Amino acid sequence: MPLTMQTASPAKAEEVTTLRAMKRGFVGHCPACDKGRLFGRYLKVVDRCEACGTELHHHRADDLPPYLVIFIVGHLIGYGILMTETKMEMPLWVHLAIWPLLTLVLSLALLQPVKGAVVGLQYALGMHGFGAARAKRKAEKTENAGDGRSNTGRDGYTGRQGA
């Protein structure tokens, strides 16, 4: 029996504030509608939201998420090492067992949420093609609002030349 995918009615992608888009991205949801998934795999952002259809392939998170994770984890681990050394007596082997492992776990745990927040920030600020995509979507909504019809076929082809 073939596996079929049921598509729900598209969710409404409203204008969101910067902080709200970053929060949605941090938890791995679409920054536009908060319904669809942002990641298809661990760090691979989906091309399009399955709920609202917002294109997410515009993002250019690149190196900012790892820099932010290094900054956060470095401060947490550095503070932990400093407080451990000043407040208690621990053998060196315990330090060598705890701190590298904790650094690795925190880095892997924070990398995806931080990348999601960066993608949400880019969406909210209209960076890297998100602004043009949102303006195009808004123009299509206003164009179709008057007659109640969509000018696209089932395959998404508009029939316009040069668009």
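This passage walks through the fold of the protein, then its helices, loops and surface.

The structure is a predicted model, in which local features need pLDDT of at least 70 and side-chain atom pairs count only at pLDDT 80 or more, while totals for chains, interfaces and linings use all residues. Residues are numbered from 1 along each chain as its sequence is written, and side-chain values use heavy atoms, with hydrogens and water left out.

In outline, the protein has 4 helices and 0 strands, where helices (H or I, at least four residues) and strands (E, at least two) are DSSP runs numbered from the N terminus. Along the sequence that reads as α-α-α-α. Of its 163 residues, 29% are buried; here buried means under 20% relative accessible area, exposed means over 50%, and partly exposed is in between (1.4 Å probe, protein chains only). Among contacts (heavy atoms within 4.5 Å) between residues at least 6 apart in sequence, 52% join residues at least 24 apart. The protein exposes about 11400 Å², and carbon and sulfur atoms supply 62% of that area. Accessible areas come from the Shrake-Rupley method with a 1.4 Å probe, and for residues only the protein chains shown count as cover.

Helix α2 covers residues 64–87, and it holds both I72 and I77. Leaving out residues up to four places away in sequence, I77 touches W99, L102, T103 and L106. Take L106 from that set: I77 and L106 are 29 residues apart in sequence, yet their C-alpha atoms are 9.3 Å apart in space.

I72, for its part, belongs to a nonpolar surface patch of about 700 Å², made together with L64, Y67, L68, I70, F71 and L76. Patches are built from residues with over 30% relative accessible area and no salt bridge; like charges are joined within 9 Å, and nonpolar side chains (Val, Leu, Ile, Met, Phe, Trp, Tyr) within 5 Å. A salt bridge, in turn, is a side-chain nitrogen of Lys or Arg within 4 Å of a carboxyl oxygen of Asp or Glu.

Helix α3 runs over residues 92–125. Its 34 residues should span 50 Å at 1.5 Å a residue, and its end C-alpha atoms are 47 Å apart, so the two values agree; the expected span is 1.5 Å times one less than the number of residues. Still, α3 bends by about 30 degrees at L111, with a proline, P113, following within four residues. The bend at a residue is the angle between axes fitted to the seven residues ending there and the seven starting there. Further along α3 comes Q122, which is buried at 5% relative accessibility. Setting aside neighbours within four places in sequence, Q122 is in contact with H59, R60, A61, M127, H128 and F130. Just after α3, G126 takes a positive phi of about 70 degrees.

The loop between α1 (18–26) and α2 includes D34, and D62 is in that loop too. D34 has phi near 65 degrees, a positive value in a residue other than glycine, and D62 likewise has a positive phi, of about 45 degrees. Most residues other than glycine have a negative phi.
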